[in-house]
Amino acid sequence: MNRKKEMLVLGFALFAMFFGAGNLLFPPSLGVTVGTNWFTAGIGFFLTGVGLPLLGILAFTKGGSLDEFASKVSFKFNKIYLTTLILVIGPLFAIPRTGSTTFEMGVLPFISQSNPFISGIISSIIFFGLTLLLVLKESKVTDILGKFLTPIILFILFLITLFGIINPIGIPENPSITENIFSYGFINGYQTMDALASVLFGVVIIKGLEGKGIKNSKDQKLFLVGAGIIAAIGLGLIYFSLIFLGSQISSLKDLSTAQTALTIAELTLGKSGKIAFGICVAAACLTTSVGLTALVSDWFSKITSLSYKNIAILTCTFSGVLAVFGLDAIISLAVPVLVILYPVTIVLILLNIFNIENTNTYKVVVGITLIISIAEALKINLSFIPLAASGFPWILPAIIGFFIGNTIKPIKKNNPAL
């Protein structure tokens, strides 16, 4: 086995796994908001957009599985947690987001004179009708599209970045947000949802390594670290480039999330570049929609009495309705849920990486983090907690909970499922 070649292949695979249309939308909008502070915000965004997903996959080198990831809290909690993850990256937010992004970037620029609400409904029906057809037919069209679209989008991004650096499209302005820039970028990175997806992807990557004969935990970690560096470099360059370009048009405050990316494409490549970029991103959304719908249908067909087909129909119908409300509305709805789910996911990833065995540590740390995160999502005043002003009120309580949990010896039970 050529280890360097396998590591390079895995690195590209990790990059492709986390690279999607959503990853192109949020960095430019962040750049517009933070202006001259684009680099500091970019570091925060990079940690949640790249660092956490890679740690999520690394957590599975300890021999874990989806059935065990959060089971040390309890088996019931693990099932509820995974179901929530799948709903969030499925019909609640991520799948509808693909439909609304397709409309705003790939359809609306061509029909600007029409009624956007009616057009949005028609676009949603066509998009999710096609999604359902491809999911039920198990077509390889999406795989073919994915293989061709990713290189095309990367080439367009390269041109946008190159022209944006050679001929700046504007000058970064002082932002309206002047405090906690790092945490603002960090929390904005939640919208990529890649750390949540990494929990589901981790097993797939580890199984792939085992299929190639790489079964030792130490070797798996070595491969993932090397591949992670490759993927991180690629994603990091894209994120920082788009955030920087977004900062150059920070004077334009009224652009929607989709309009920001399209505006940058048009200012650097002209109208034809804007159209090409929008079409590519919209087509990429279809591949994502099909993959996520298949994942949702497979999961719920296993834990419910409904068939794969019926769940796929329900998922596409529900997602199609939500998509009509628009990209920015979906993003706003996702914020409180992600504020709750991300801290819990972060502590679970870290506890698994450090292979903590004491189940009480899991119970206390996750319990405290969940309570604090729910309070934050409900906008309860947590200013008395250190780091709350920076957007991280859960960190110190989680650390304290870690030490408390470690002092409590686990009680052995005859039935581990209780």
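This is a predicted model: local features need pLDDT of at least 70, side-chain atom pairs count only at pLDDT 80 or more; totals for chains, interfaces and linings use all residues.

Visitor: Where do Asp298 and Lys302 lie?

Guide: Both are in helix α11 (residues 257-303), four residues apart, which is about one turn of the helix. Helices are DSSP runs of H or I with at least four residues, strands are runs of E with at least two, and both are numbered from the N terminus.

Visitor: Is Lys302 buried or exposed?

Guide: Lys302 is exposed, because its relative accessible area is 63%, whereas Asp298 counts as partly exposed at 34%. The cut-offs are under 20% for buried and over 50% for exposed, with partly exposed in between (1.4 Å probe, protein chains only).

Visitor: Which residue forms a salt bridge with Lys212?

Guide: Glu6 does, and the closest N and O atoms of the two are 2.8 Å apart. This pair links distant parts of the chain, since Lys212 sits in the loop between α9 (194-211) and α10 (217-248) and Glu6 in helix α1 (residues 3-18), 206 residues apart. Lys212 is partly exposed with a relative accessible area of 43%, and Glu6 is also classed as partly exposed, at 23%.

Visitor: Changing topic to the inside: which residues is Thr48 in contact with, leaving aside neighbours within four places in sequence?

Guide: They are Pro53, Gly185, Phe186, Gly189, Tyr190, Thr192 and Tyr342, where contact means heavy atoms within 4.5 Å. Thr48 itself lies in helix α3 (residues 38-58), and it is buried because its relative accessible area is 0%. A polar atom of the Thr48 side chain also lies 3.3 Å from the backbone oxygen of Phe45.

Visitor: Which residues are buried in helix α8?

Guide: In α8 (residues 181-188), the buried ones are Ile181, Ser183, Gly185 and Phe186. Their cover includes α2 (21-34), α3 and α13 (327-353). As for α2, it holds Ser29, which counts as buried at 18% relative accessibility and is in contact with Thr257 and Thr260 once neighbours within four places in sequence are left aside.

Visitor: How many residues of α5 are buried?

Guide: 13 of its 14 residues are buried, so α5 is mostly covered. This helix (residues 94-107) reaches 19 Å from its first C-alpha to its last, close to the expected 20 Å, the expected span being 1.5 Å times one less than the number of residues.

Visitor: Back to the backbone: what is the phi of Asn180?

Guide: Asn180 has a positive phi of about 55° although it is not a glycine, and it lies in the loop between α7 (141-166) and α8. Leu387, likewise not a glycine, has a positive phi of about 75° and is found in the loop between α14 (359-377) and α15. Asn180 is partly exposed at 34%, and Leu387 is partly exposed at 43%.

Visitor: Last one: which residues form the nonpolar patch on the surface?

Guide: Leu396, Ile399, Ile400, Phe403, Ile404 and Ile408 form it, with about 530 Å² of accessible area together. Patches are made of residues with over 30% relative accessible area and no salt bridge, like charges being joined within 9 Å and nonpolar side chains (Val, Leu, Ile, Met, Phe, Trp, Tyr) within 5 Å; the areas come from the Shrake-Rupley method with a 1.4 Å probe, and for residues only the protein chains shown count as cover. Ile408 is in the segment after α15 (395-407) and counts as partly exposed at 38% relative accessibility.

Terms used: Residues are numbered from 1 along each chain as its sequence is written. Side-chain values use heavy atoms; hydrogens and water are left out. A salt bridge is a side-chain nitrogen of Lys or Arg within 4 Å of a carboxyl oxygen of Asp or Glu. A polar contact is a pair of N or O atoms within 3.5 Å; within protein, one must be able to donate a hydrogen and the other to accept it, and residues adjacent in sequence count only if both atoms are side-chain atoms.
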